[in-house]
Amino acid sequence: MNAEAPVRSTDEHWLTVVRHRFRDWRGHRPFWAGLFILFGGFPIAYFPYADLRLGNITIAMATTAGAGSLIIGVLLMTLGVSLWFQQGIRVFAGVASILLALVSLPVSNLGGFFLGFLFSLIGGALALAWVPGKPAAPEEEQDAAAAKAVAFADGPMGIPGPRDTETAYATETTAHADGGRNSAG
């Protein structure tokens, strides 16, 4: 095999291709916001219908607002999934998930024992904060490259060179005539 030969996607393992496609898909949408909102809906919908068994003792966490908890949980899960496929509703989904998370506190066992409440609140904030990226224009790339070249013109790694008033041959003990500056300090 030639080490300099171009690599085609057909040469890569199928898992690598799937992973790269998923990363590209995930990068164009508020993926983490949808995931947090989706995970926030599960405990809100689940805990009002769950039983905890400790030996012969059964603790029922059912509340009178079980139907309200189920509706809030399903709405949050729907908002989370819809964020992945409809990026345009990110503001609505963010605000709605924050409001539903706040409503789940009194309705659904303190918002799924604060677990669903926190996940939904963080997901809603992420949805509101996400903004689709804009591709850089070729003119901006050239301007950025020129600005970077000017920034590194002074010295290596952006370290500035000597000032116009300083002498290049100054040592640590030489006092300058420009205001009594010493190069040692």
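Accessible areas here come from the Shrake-Rupley method with a 1.4 Å probe, and for residues only the protein chains shown count as cover. By that method the chain exposes about 13,000 Å², with carbon and sulfur atoms supplying 65% of it.

Before we go on, a word on where this comes from. This is a predicted model, where local features need pLDDT of at least 70 and side-chain atom pairs count only at pLDDT 80 or more, while totals for chains, interfaces and linings use all residues. Residues are numbered from 1 along each chain as its sequence is written, and side-chain values use heavy atoms, leaving out hydrogens and water.

Let's start with the overall layout. You'll find seven helices and two strands in the chain; these are DSSP runs numbered from the N terminus, with helices being H or I of at least four residues and strands being E of at least two. Follow the sequence along and the pattern reads α-α-β-β-α-α-α-α-α. Of the 185 residues in the chain, 27% are buried, where buried means under 20% relative accessible area, exposed means over 50%, and partly exposed is in between (1.4 Å probe, protein chains only).

Now look at one helix pair. Two packed helices are described by the angle between their axes and the distance between the axes. Helix 3 (residues 66-85) and helix 4 (residues 90-107) pack at about 155°, and their axes are 10 Å apart. The axes are lines fitted to C-alpha atoms over the stretch in contact, and angles run from 0 to 180 degrees between N-to-C directions. That angle makes helix 3 roughly antiparallel to helix 4, since angles over 145 degrees get that label, under 35 count as roughly parallel, 65 to 115 as roughly perpendicular and the rest as oblique.

Who does the touching? Contact means heavy atoms within 4.5 Å. Helix 3 brings residues including Ile72, Leu75 and Leu79, and helix 4 brings others, among them Phe92, Ala96 and Leu100.

Is Ser108 buried or exposed? Ser108 is buried, with a relative accessible area of 0%. Setting aside neighbours within four places in sequence, Ser108 is in contact with Ile44, Pro48 and Ser69.

Finally, check out two phenylalanines. Phe113 lies in helix 5 and has a positive phi, near 55°, despite being a residue other than glycine. Phe114 is in the loop between helix 5 and helix 6 (115-129), and its phi is also positive, about 65°. Phe113 is partly exposed at 44% relative accessibility, and Phe114 is partly exposed at 41%.
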